[in-house]
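Biologist: I've got a model open and I'd like to learn how to read it. Can we walk through a few features together?

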Amino acid sequence: MPIKLENVGIAVRDLESTIAFFTDLGLTLVGRDSVSGEWADTAVGLDGNHAKIAMLQTPDGTGRLELFEYLHPDAIETEPTLPNEIGMHRVAFSVDDIDAALKIAASHGCYPLRGVATYQDIYKLSYVRGPSGIIVMLAENLRAS
């Protein structure tokens, strides 16, 4: 059976500021909607589910993020995920210029967990604490031509 990754879904505190963060990094907003009703309750497994959603796509068209802000039931605040916790870990993006990407992230109040590392002269990479505590990995391929 063929399988294809459709998207990664992330619940966020503030849909508008999260859209701004990811579009400033280079993703494109491809759609918005509000979802609710029996079909949404069944699909998500949450009674009374009502959320604003936005779909963003990478410039090459292969990666998508679905962001959702819950209107009902209320979103549940949790502690920000740590890199070594079990569960959803991070979302990762290749960038042409990590320094420029980090400046964009900083303009949204989002900063690296520690700094920028170089892996075997192949990648410069950094984990950034993004909107709603999302861990975002930014990686620049040093061998790209």
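Predicted model: local features only at pLDDT ≥ 70, side-chain atom pairs only at ≥ 80, totals over all residues.

Biologist: Is Asp 41 buried or exposed, and what is the nearest side chain of opposite charge?

Modeller: For a salt bridge you look for a Lys or Arg side-chain nitrogen within 4 Å of a carboxyl oxygen. Asp 41 is buried but has no such bridge. The nearest oppositely charged side chain is Lys 52, and that one is 18 Å away.

Biologist: Which residues is Asp 41 in contact with, leaving aside neighbours within four places in sequence?

Modeller: Those are Leu 46, Asp 47, Gly 48 and Asn 49.

Biologist: Next, helix faces. Which residues of H1 are buried?

Modeller: The idea is to look down the axis and see where the buried residues point. H1 covers residues 15-25, and its buried ones are Leu 15, Thr 18, Ile 19, Phe 21, Phe 22 and Leu 25. Those residues fall within an arc of 160° seen down the axis, so they line one face of H1. They pack against several elements, including strand E2 (28-36), strand E5 (91-94) and helix H3 (98-107).

Biologist: And which residues are buried in H3?

Modeller: Ile 98, Ala 101, Leu 102 and Ala 105. Their arc is only 100°, so they sit on the same side of H3. Lys 103 and Ser 107, on the other side, are exposed. The buried residues of H3 pack against H1, strand E6 (111-112), strand E8 (123-129) and E9.

Biologist: What about the helix ends? What caps the N-terminal end of H3?

Modeller: In H3 the cap is Asp 97, with a side-chain oxygen 3.0 Å from the backbone nitrogen of Asp 99. At the start of H1, a side-chain oxygen of Asp 14 comes to within 3.1 Å of the backbone nitrogen of Glu 16. After the helices, look at phi: Gly 26 follows H1 with a positive phi near 125°, and Gly 109 follows H3 with a positive phi near 75°.

Biologist: Last one: how many aromatic pairs are found in the whole structure?

Modeller: You go by ring centres and the angle between planes. The search finds three pairs. Phe 21 and Phe 22 are edge-to-face, 5.0 Å centre to centre with 80° between the planes, and both are buried. Phe 68 and Tyr 70 are also edge-to-face, at 5.7 Å and 90°. Phe 68 is buried at 18% relative accessible area, while Tyr 70 is partly exposed at 22%.

Biologist: Which residues form an aromatic cluster?

Modeller: Phe 21, Phe 22 and Phe 93 form one.

Notes. Residues numbered from 1 in each chain as written. Heavy atoms only, no water. Phe/Tyr/Trp six-rings, centres within 6.5 Å; stacked < 30°, edge-to-face > 60°. Buried < 20%, exposed > 50% of the residue type's maximum accessible area, 1.4 Å probe, protein only. Helix = DSSP H or I, 4+ residues; strand = E, 2+ residues; numbered from the N terminus. Arc of directions from axis to C-beta. Contact = heavy atoms within 4.5 Å. Polar contact = N/O pair within 3.5 Å; in protein donor to acceptor, adjacent residues only side chain to side chain. Lys, Arg positive; Asp, Glu negative; His and termini not counted.
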